[in-house]
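Reader: I have a structure to go through before I set anything up. Can we walk through it together?
Author: Fine, go ahead.

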Amino acid sequence: MTRPLRTALFHGWSAALAIAFLFPLLWALLNSLKTTDEANQQPPTWFPHSLSLDNYRNLTTFDQGIGTYLVNSILVSAITVIGSVVVCVLGGYGFARFTFRGKSLLFGSTLAILMVPYATILLPLYILLSRIGLGNTLLGLALVLVMFQLPFGIFLMRNSFEAIPRELEEAALVDGCSSFGAFRHVSLRIVLPGAVTVALFSFLTSWNEYLAPLIFLNDGSKYTLPVMLVNIRYASYNIIDFGALQAGIVIAMVPCLVVYLLLQRFYVSGLVAGALRG
Amino acid sequence: MAAPQALKDSLGAVDVARESSAASPRPSRDSAARRPLTGWLFVAPTGIVVAGLFLAPLVILVYMSFTDWPLLGSPVPNGLDNYRSLGDDDLFVGAITFTLVYTAITTVVLFLIAFVLVAISNSARRGVRFYRTAYFLPYVVGVAAASTMWWLDAQDQIGLFNQVLKGLGLIDQPVGFLETPGKALFTVIALVVWKFIGFQVIVLLVGLQSIPHEYYEAAKVDGASTWQRLRYITVPSLKPTLALLTVLSITGSLLAFDQFYVLTHGGPDNSTVTVVLALYNRAFQSFQLGDAAAQAVVLLVVLVVINVIQLRLLRNRES
């Protein structure tokens, strides 16, 4: 085979696969922009005949309205991201820099979270949350999501802090910084990329989580976007509005795609730091 | 989702923690390390979350499994009853076989297709970055959203897949992607490949690119063929990565829930009920928390055993 032919074959084959991966995403976007009638037409049209935001408008009247679910999802994600970053940065620093009784035990217990299938632990958590007054609350859900972020986050942040030469901090201590001051002014800046990675993973997990909100939340006004989506799919089986469903899917997935494309390098560095050591 | 990694690291990491506490205190240098109280303050939030939301629920789970606990009532201890009657829940028993079959097929298919995509993504040609991103993007979409999307796409009259197949002239009548047990399983596996393979590809790529170039150059000098280089350099160097991905794929598949709950809802005729789906039904459709807890304990033990075996293998290799 000649070189140009081989290159052409390579690109033909690779591009066909790329289209197969991207087209379902694009299809949801295209359908969400059709008019309600066109979006529900059988057989479907390939491209919208006229662009319209009807499907998005229809979502505002579905049950509690898309706005409620969107706000719930944003709240859960915000609490989870802030909570995970704070707990993991502090904890990572503590594990990297200090010696104290029970250190290995706590570190081991944190990593053990990965060993336990999370679906099994949602059951007792459901009971526990309702006993401590956090049942059916977005805060309770977010706290559980923070817990699931800990093994990855603590591990990553501990490694980030360990990579910083101690001399740098000691210089700050000598210059009269408190131990917290040294942490804040010196180390924290250097480990910022690690913290962004933790934030990114927490966001994607909490935004997309389905089983935990399905179990914990039993009040329609508290549902998050993924729960709402599946409800549209089941709610009115026979008179399902396909256009509205596509619009809902787009709203649920676009933030993830955008955040990923913007922060891609942190994402890959997180995978490398976590997945491939040892 | 992305928390998989530390798994294989965890044991090694614990060792490191142990060593550093044993080696301490290094007198003059670790001024900070000498104040244990400060250390505790930093890790206190971690401790509270781990104790309150992980260790305590584990204890509660075990307790639940020894009780008769209706969802809306109060628990009554009933000894080993829940464990004795595990075999009576037909849905659960059937789910075990189905989940094992699903896990085996998914793991193999994921690897086979991942190798093709890795071969493309590892090329030095132009435009490869675009392909790589395209294969990865579905991974960041949530499973619930992706499954809902696929449920729509799998519809007979209005769905994308039938439309494409008709457009290509491959079919006259709609396929009915969720109609029979076999087709429903096929559709879920296709969804899983589409959704999760990007992760596998990236991890394999990073593994490949961390193999030192000198190995290949030395092999070339020695006259090794492409096949020999693959057999004696690439595969052995990738072994830890392959092992990690196998375990992640197995443990992930054994716990499959979202894609089945949304796409097939266990149907047709309960033919695609997974273990976690059966457990969920036991707890929240039949309202038997005690039975569900016993099922959960069994599942938990199985997965911990798998993970421990994996860690053992890893440790042996390292020592």
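Reader: Where does B:F287 lie?
Author: This is a predicted model, and in it B:F287 sits in the loop between helix 12 (275-284) and helix 13 (289-318) of chain B.

Reader: What is the phi of B:F287?
Author: Positive, about 60°, although B:F287 is not a glycine. Most residues other than glycine have a negative phi.

Reader: How many other C-beta atoms does B:F287 have within 10 Å?
Author: There are 14, so B:F287 counts as partly exposed.

Reader: Which residue of chain A has a positive phi without being a glycine?
Author: A:N136 is one, with phi of about 55°. The loop that holds A:N136 runs between helix 6 (118-131) and helix 7 (138-162) of chain A. A:N136 is partly exposed because it has 15 C-beta neighbours inside 10 Å.

Reader: And the bond from A:Q42 to A:P43, cis or trans?
Author: Cis, with omega near -10°. A:P43 belongs to the loop between helix 2 (36-39) and helix 3 (54-59) of chain A. Most peptide bonds are trans.

Reader: Switching to confidence. What are the ipTM and pTM?
Author: The model scores ipTM 0.89 and pTM 0.86. For chain B the mean pLDDT is 84, and 87% of its residues reach 70 or more.

Reader: Where in chain B does pLDDT stay under 50?
Author: Over residues 1-30, for which the model has 58 contacts beyond four places in sequence. Where pLDDT is low, the predicted coordinates should not be read in detail.

Reader: Back to chain A. How many helices and strands are there?
Author: Chain A has 13 helices and 0 strands. Its radius of gyration is 23 Å, well over the 19 Å that the globule rule gives for 278 residues, so chain A is more spread out than a compact globule.

Reader: What box do its C-alpha atoms fill?
Author: Along the principal axes, the C-alpha atoms of chain A take up roughly 75 × 70 × 35 Å. As for burial, 50% of the 278 residues of chain A count as buried.

Reader: How much of the contact set in chain A is between residues 24 or more positions apart?
Author: Such pairs make up 76% of the contacts in chain A with a separation of 6 or more.

Reader: What about helix 10 of chain A, how many of its residues are buried?
Author: 14 of the 17, so helix 10 of chain A is largely enclosed by the rest of the structure. Helix 10 covers residues 192-208 and reaches 24 Å from its first C-alpha to its last, close to the 24 Å expected at 1.5 Å a residue.

Reader: Now the contact between the chains. How many residues does each give?
Author: Chain A gives 90 residues and chain B gives 90 residues. On the side of chain A, helix 13 (residues 242-275) supplies the largest share, 15 residues. That side divides into 64 nonpolar, 19 polar and 7 charged residues.

Reader: Which elements do the buried residues of helix 7 of chain B pack against?
Author: Helix 1 (3-32) of chain A and helix 6 (143-153) of chain B. The buried residues in helix 7 (residues 160-167) of chain B include B:L160, B:F161, B:N162 and B:Q163. After helix 7 of chain B comes B:G169, with a positive phi near 75°.

Conventions:
Residues numbered from 1 in each chain as written. Chains lettered and ligands numbered in written order. Predicted model: local features only at pLDDT ≥ 70, side-chain atom pairs only at ≥ 80, totals over all residues. pLDDT = per-residue confidence, 0-100. Contact = placed C-beta atoms within 7 Å. Helix = DSSP H or I, 4+ residues; strand = E, 2+ residues; numbered from the N terminus. Rg over C-alpha atoms; globule rule 2.2 N^0.38 Å. Buried ≥ 20, exposed ≤ 12 C-beta atoms within 10 Å, placed from the backbone. Nonpolar A, V, L, I, M, F, W, Y, C, P; charged D, E, K, R; others polar. Expected span 1.5 Å × (residues − 1).
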